[in-house]
Amino acid sequence: MLVGPSDSAASGVAIYVGEGDEVWTRLASHDNDLEKDFWTSVVLFVSKDENLTKAHVRWLEAALVREIKKAKRAQIVNGNDPIGGKLPESDTADMETFFENLRLLLP
């Protein structure tokens with residue numbers, strides 16, 4: 001998540017939610033992207049043992065964007081709405097727990 005100031009959001013906060021395999025490379029590309037030059041902070045979530053698959057991360061990305069939009073407390077800078085995807089029932093339950101933990105950690 002890239003976080004920075006927003007002129008259009010009442011809260012004054014803009015957020016970009018993204019995902020990537022190589023986090024440092026992804027951040028460097030965003031740092032060079034003039035459309036994403038707003039950010040002053042970054043929030044990262046990683047797996048300690050590589051148990052998060054691409055499908056899990058896409059599910060989490062879509063859930064975060066939905067939650068931020070629903071709260072109407074920040075401007076979403078994402079160009080498109082991430083669609084997430086279908087996960088097996090047990091994986092969905094795991095990601096819902098992971099997501100609830102993210103909600104506890106994030107303002």
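Residues are called buried under 20% relative accessible area, exposed over 50% and partly exposed in between, with a 1.4 Å probe and protein chains only. By this rule L2 is buried, at a relative accessible area of 3%. The model is predicted: local features need pLDDT of at least 70, side-chain atom pairs count only at pLDDT 80 or more, and totals for chains, interfaces and linings use all residues. Residues are numbered from 1 along each chain as its sequence is written, and side-chain values use heavy atoms, with hydrogens and water left out.

The overall dimensions were computed next. The C-alpha trace spans about 40 × 30 × 25 Å along its principal axes. The radius of gyration is taken over C-alpha atoms, and the globule rule is 2.2 Å times the number of residues to the power 0.38. For 107 residues, a compact globule would have a value near 13 Å; the chain has 14 Å, which agrees. Buried residues account for 31% of the 107 residues. Contacts are defined by heavy atoms within 4.5 Å. Of the contacts between residues at least 6 apart in sequence, 66% join residues at least 24 apart.

Surface and charge were also examined. Accessible areas come from the Shrake-Rupley method with a 1.4 Å probe; for residues, only the protein chains shown count as cover. The chain exposes about 7,500 Å², and carbon and sulfur atoms supply 51% of that area. Lys and Arg count as positive, Asp and Glu as negative, while His and the chain ends are not counted. Each charge is placed at NZ of Lys, CZ of Arg, CG of Asp or CD of Glu. The chain has 12 positive and 18 negative charges, and their mean positions are 6 Å apart.

Secondary structure follows DSSP runs: helices are H or I of at least four residues, strands are E of at least two, and both are numbered from the N terminus. The chain has three helices and four strands. Along the sequence they follow the pattern β-β-α-β-α-β-α.

The strands form a sheet. Two strands pair if DSSP finds at least two bridges between them. The sheet is open, has four strands in the order β3-β1-β2-β4, and shows mixed pairing. β3 (41-42) and β4 stand at the edges with a single partner strand each, so one side of each lacks a neighbour in the sheet.

Strand β1 (residues 2-5) runs antiparallel to strand β2 (residues 13-16), and four bridges join them. In this pair, V3 stands opposite I15 of β2. G4 has A14 of β2 as its bridge partner. β1 is also joined to β3 by two bridges, again in the antiparallel sense. Here V3 stands opposite S41 of β3. The pairing of β2 with strand β4 (residues 75-76) is parallel and has two bridges. A14 stands opposite Q75 of β4.

The buried residue L2 lies in strand β1. L2 and G18 are 16 residues apart in sequence, and their C-alpha atoms are 8.2 Å apart in space. S8 is found in the loop between β1 and β2. S8 is exposed, with a relative accessible area of 59%. From S8 to A62 the separation is 54 residues in sequence and 22 Å in space, C-alpha to C-alpha.

Helix α3 (residues 89-105) contains L105. L105 counts as exposed, at 66% relative accessibility. L105 and Y16 are 89 residues apart in sequence and 17 Å apart in space, C-alpha to C-alpha.

One backbone angle deserves mention. Most residues other than glycine have a negative phi. K72 is not a glycine, yet has a positive phi of about 55°. K72 is found in the loop between α2 (54-71) and β4. K72 is exposed, with a relative accessible area of 72%.
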